[in-house]
Amino acid sequence: MNNEKPMNVLSLQNVVKTYANHRAVNDVSFDVKKGTIFGLLGPNGAGKTSLIRIITTITAADSGQVYLNGQPLNRLHPNDIGYMPEERGLYKKMKVGEQLLYLAQLKGLSSKDAKVKLRHWLEKFEILNWWDKKISDLSKGMSQKVQFIATVVHDPSLIILDEPFSGLDPINANLIKDEIFQLKEKGASILFSTHRMEQVEEICEDIVLINHGKILLYGGVANIKNEFKEHKFSVKYEGSLPESLNFGGYEIVSNQANELIFKGQSGQTSIQLLKNLLDSNVNIMSFNEILPSLNEIFIKKVETSNE
Amino acid sequence: MNKIWLVTQREYLTRVTNKTFILTTLLAPLGILVFMAAVVLVMSTGSDKAKIINVYDPSGLLQNEFKSRDNLTFKFSNESMDAQKTLYKEKKINGILELPPLTDSLAKSYVYKYHSDDQLAMDENFAIESAIGKKIRDFKLKKLNIDAKTLENLDTDVQAEPETILEDKKISSITTIVSSALGGIVGYAMFFIILFYGMQVMRSVMEEKINRIIEVLISSLKPFELMMGKVLGVGLVGLTQIGIWLILMPIIYFIGAALFGINTEAMPNPVNDMNPEVALTFQSKASQIFLELRSMNWWFILPLTLFYFLAGYFAYSALFAAIGSAVGEDINDANSLTFPIMMPLIFSIYIGFSAVNAPDSSLAVWSSMIPLLSSIVMPVRLPFDPPWWQIGISVVSLIIFTIFLVWLAARIYRVGILMYGKKATFKELSKWIFYKD
């Protein structure tokens with residue numbers, strides 16, 4: 001658990017939520033540090049949306065506590081949260097400008113402030129000339145941009161993005177990704193819900209993995225990968241290998257296309273392995289530790305929890 | 001509160017600036033006017049060609065008296081039929097009216113002939129028939145030695161004159177008629193307005209759910225605020241539309257009258273076709289109606305009617321909102337769910353109609369105090385001056401029940417808007433009421 005100094009923007013303590021006869025959220029606790037990107041991961045139906053709805057005050061937890069910036073969730077907090085649900089939606093017949101103005105005012109901005117901020121964002125995305133366009137006239141990618149602006153225009157301290165890249169082409173996905181990083185630089189914290197693991201590895205610092213409403217994994221991405229490493233090393237070499245090799249406890253898993261994969265035991269260092277290789281006159285081109293991908297960890301963890 | 005106002009504003013502005021709304025609001029009174037003008041036009045232009053009709057009346061039945069009408073000119077001629085038919089062939093006249101002598105002074109029927117290849121228009125036929133009928137009547141009176149005055153004395157105008165016993169209240173025979181008409185119109189209007197705008201609230205809820213914008217919205221404000229804002233916004237649209245109509249109708253009417261020269265005199269006026277005495281009583285009745293309308297206690301009827309409209313609208317539209325939230329993607333699903341809401345509404349309009357006939361029947365009295373029914377039945381009874389205690393019970397129970405219904409609807413709404421998939425059953429709806437937040 002994280003006991004470090006930086007204050008948490010969001011803190012969940014033993015949150016429980018039960019619907020009719022199934023427990024959607026089961027004793028979940030985690031913290032999102034200020035100014036970080038946090039991944040909320042889990043397969044479909046794991047309880048991600050239930051959790052997000054509790055955090056956004058759409059529903060309330062049956063028990064447990066949720067703190068935003070150190071305070072228990074209250075009626076004013078929704079104004080400090082920006083939420084982009086997975087199922088996007090805007091009023092199709094409303095004009096872009098009117099719509100954004102309305103949503104910004106619902107988040108507590110005055111009409112004047114909202115106009116200034118919206119202008120800034122629309123200019124940034126180079127879509128200021130869309131102000132009078134109706135949503136129904138925009139493409140999916142275009143309306144996605146409008147939706148993103150609606151999520152962040154009120155400068156929330158916590159931004160919750162549910163599958164923000166789904167349905168976006170690579171160019172627009174990159175644009176949004178850059179914006180997420182910039183918002184983080186400016187001090188916002190982002191709760192990023194997805195099941196696309198490659199994005200998580202790229203973007204998130206900390207993650208929590210839930211399934212059946214329970215936490216399976218929680219911590220920094222680097223720590224988790226370390227925790228799940230199998231002490232495997234990859235050695236790329238040139239030329240041929242000597243007849244007999246002794247690698248002091250490491251076994252060769254595979255030897256293909258001039259790449260050796262070794263597997264050792266927990267607690268062993270790579271020093272002896274490298275030394276033995278050099279002593280055997282192996283012409284080493286590269287030496288890497290093989291860390292498991294989050295995807296592998298995810299699948300492994302979810303499968304064991306389903307058993 | 002501020003957020004409710006924002007929602008109200010959006011609902012109001014998007015609707016009021018909608019092209020369809022502007023067109024229907026402006027064109028509906030115009031449409032009614034055009035329709036009325038068309039009716040007047042059709043009625044007054046029976047035939048547009050001027051016709052000359054010769055009247056062959058050898059027995060002098062009409063005594064050379066036959067008033068020509070707009071396009072019809074009657075000429076008495078005792079030339080032989082053959083000579084007149086030659087005139088017809090030469091196209092100097094359009095037809096010949098041949099009136100055979102009346103043989104039997106007590107004959108029950110009389111047949112005249114109209115010689116022409118073209119038929120007369122219906123109103124022309126009618127005018128000729130009634131003119132001949134009147135003449136025959138005079139002829140018969142003379143033959144039977146009856147004085148026209150004596151005959152008139154046989155007819156008696158029977159009227160009731162109601163007198164109150166305990167209450168000090170002036171009522172006349174016309175009071176009931178005026179009250180009935182007023183009550184009926186108000187009841188009918190209430191029914192349609194509540195139904196129409198209630199449905200709009202439902203559609204608005206469904207739109208947000210189908211659009212999926214709902215999740216963004218309720219992460220910014222409470223479902224109750226959203227629902228109330230919506231109900232208020234649509235209600236204001238309704239009041240705006242009715243207000244515009246009330247102002248526009250007379251204006252358009254006067255403009256139309258000035259532009260097209262429709263003057264009330266030229267309209268088919270029943271008074272013109274009546275004999276003077278009847279016309280007199282008719283006119284006195286008309287002025288009596290106006291007197292009656294003026295003597296109504298409008299300071300009492302109007303605010304109460306407005307109250308019943310608002311309370312009824314709130315109760316029903318909150319229910320419509322709850323139903324809208326429970327419907328899935330398919331608008332047709334709404335029909336089966338709206339049925340139970342429509343029932344009291346339809347029921348109350350029927351009770352309203354019966355209340356017009358019998359405003360003090362126990363059915364009318366009880367249902368004007370039962371919420372959901374009362375918002376339509378009581379306004380129907382108001383012109384009949386129901387007792388204060390009934391109004392009191394009705395108002396208090398309606399307020400309490402409306403608050404309860406809005407609360408109930410909000411409980412269903414907050415759960416329904418987040419439920420996707422198949423449409424909910426009433427059993428599920430009733431469970432939603434007890435869900436925790």
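## Helix packing in chain B

Helix 11 of chain B and helix 13 of chain B are roughly parallel to each other, because the angle between them falls under 35 degrees. In this predicted model, helix 11 (residues 333–357) of chain B packs against helix 13 (residues 374–381) of chain B at an angle of about 15°, and their axes lie 8 Å apart. The crossing of helix 11 of chain B and helix 13 of chain B is right-handed. The residues that make this contact are listed below by helix.

| Helix of chain B | Residues in the contact |
|---|---|
| Helix 11 | B:Ser348, B:Ile349, B:Ile351, B:Gly352, B:Ala355, B:Val356 |
| Helix 13 | B:Ile376, B:Val377, B:Val380, B:Arg381 |

By class, seven nonpolar, two polar and one charged residues form the contact of helix 11 of chain B with helix 13 of chain B.

## Contact between chains A and B

Chain A contributes 22 residues to the contact between the chains, and chain B contributes 15 residues. On the side of chain A that touches chain B, strand 6 (81–84) and helix 2 (96–106) of chain A each supply at least two residues. Helix 2 of chain A provides the largest share of that side, with four residues. The side of chain A that touches chain B comprises 13 nonpolar, four polar and five charged residues.

## Domains of chain A

The domain assignment divides chain A into domain 1 (8–226) and domain 2 (238–290). Taken over C-alpha atoms, the centres of domain 1 of chain A and domain 2 of chain A are separated by 46 Å.

Definitions and conventions. Residues are numbered from 1 along each chain as its sequence is written. Chains are lettered from A and ligands numbered from 1 in the order in which they are written. This is a predicted model: local features need pLDDT of at least 70, side-chain atom pairs count only at pLDDT 80 or more; totals for chains, interfaces and linings use all residues. Domain bounds come from an automatic or database domain assignment. Axes are lines fitted to C-alpha atoms, for helices over the stretch in contact, and angles run from 0 to 180 degrees between N-to-C directions. Angles under 35 degrees count as roughly parallel, over 145 as roughly antiparallel, 65 to 115 as roughly perpendicular and the rest as oblique. A crossing is left-handed if the near helix is turned anticlockwise from the far one by less than a right angle, and right-handed if clockwise. Two residues are in contact if their C-beta atoms, placed from the backbone, lie within 7 Å. Ala, Val, Leu, Ile, Met, Phe, Trp, Tyr, Cys and Pro count as nonpolar, Asp, Glu, Lys and Arg as charged, and the others, Gly among them, as polar.
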